Amino acid sequence: PKQQTLAVIKPDALEKHKEMILEEIHGRGFSVTRLKETVLSREMAEEFYKDHRDKPFFSQLVEFMSRGPCMMLVLTKENAVEEWRAMMGPTDPDQAMVTSPNSMRARFASNILHNSVHGSSNEQHAEEKICLIFGDICTDSELTVD
Ligand code: CMP
């Protein structure tokens with residue numbers, strides 16, 4: 001059965017690597033079923049990462065994620081959650097360069113905070129974040145791709 005996941009190209013990577021990342025996503029057979037570029041408000045970034053609110057890096061993370069445009073994508077494919085996570089590689093690019101040199105983070109991330117891409121960790125998170133980003137409370141103009 002097809003599965004959906006939410007992928008985010010973060011502000012650091014969107015500036016430099018947008019076309020390459022989109023090419024790879026299509027090349028691996030994902031369908032991009034929703035797509036939009038948006039600048040998250042601080043409040044949206046806090047809500048998006050609420051599970052991390054007690055972490056020491058939370059305020060840096062919110063600052064970074066709201067500093068410029070992100071690209072938000074709903075990726076649809078069999079096993080999409082796990083496949084996109086495998087494609088991203090480990091959170092920390094130093095680790096990614098060792099274990100998965102072809103991954104997005106090995107190639108495009110500068111450090112553990114500025115790590116280029118995000119992906120939902122499971123199906124329930126995917127559904128919740130897709131709703132948060134693409135649901136009615138979000139009034140940004142939005143492009144439906146196919
Ligand atoms: P992401 O997969 O989007 O989920 C949480 C984010 O927090 C992570 O990517 C990084 O951007 C950031 N993050 C995780 N761990 C750390 C850390 N130790 N220091 C700074 N930022 C981190």
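**View 1. Strands E1 and E4 pair in this predicted model.** Three bridges connect strand E1 with strand E4, and the two strands run antiparallel. Within this pairing, Ile9 has Val117 of E4 as its bridge partner. Strand E1 covers residues 2-9, while strand E4 covers residues 117-119. In general, the strands of a sheet are held in pairs by backbone hydrogen bonds, in either a parallel or an antiparallel manner.

**View 2. Strand E3 pairs with both E1 and E2.** Eight bridges link E1 to E3 in the antiparallel sense; on this side, Thr5 lies opposite Leu75 of E3. Strand E2, residues 31-38, is joined to E3 by seven bridges, again with antiparallel pairing. Here Ser31 faces Thr76 of E3.

**View 3. Four strands make up an open sheet.** The order of the strands is E2-E3-E1-E4, and their pairing is antiparallel. Strands E2 and E4 form the edges, each pairing on one side only. On average, neighbouring strands are turned by 20 degrees against each other, with direction ignored.

**View 4. The largest nonpolar core contains 29 residues.** Those touching the most other members are Leu6, Ala7, Val8, Leu75, Trp84 and Val117. At least two core residues come from each of several elements, including strand E1, strand E3 (70-78), helix H1 (11-27), helix H4 (80-88) and helix H7 (123-134). Nonpolar side chains of soluble globular proteins tend to be buried together.

**View 5. Val117 has contacts beyond its neighbours in sequence.** When residues within four places in sequence are left aside, Val117 is in contact with Ala7, Val8, Ile9, Lys10, Ala13, Ile21, Met88, Met104 and Arg105. Of these partners, Ile9 is also the residue bridged to Val117, and Ala7 and Val8 are among the core residues that touch the most other members.

View 6. The shell consists of His52, Phe57, Leu61, Thr91, Ile112, Leu113, Asn115 and His118. His118 of the shell falls within strand E4 (117-119), and Leu61 falls within helix H3 (58-65).

Notes:
Residues numbered from 1 in each chain as written. Predicted model: local features only at pLDDT ≥ 70, side-chain atom pairs only at ≥ 80, totals over all residues. Near = placed C-beta within 6 Å. Core = buried A, V, L, I, M, F, W, Y, C linked by C-beta atoms within 7 Å. Buried ≥ 20, exposed ≤ 12 C-beta atoms within 10 Å, placed from the backbone. Contact = placed C-beta atoms within 7 Å. Pairing = 2+ DSSP bridges. Axes fitted to C-alpha atoms, helices over the stretch in contact; angles between N-to-C directions.
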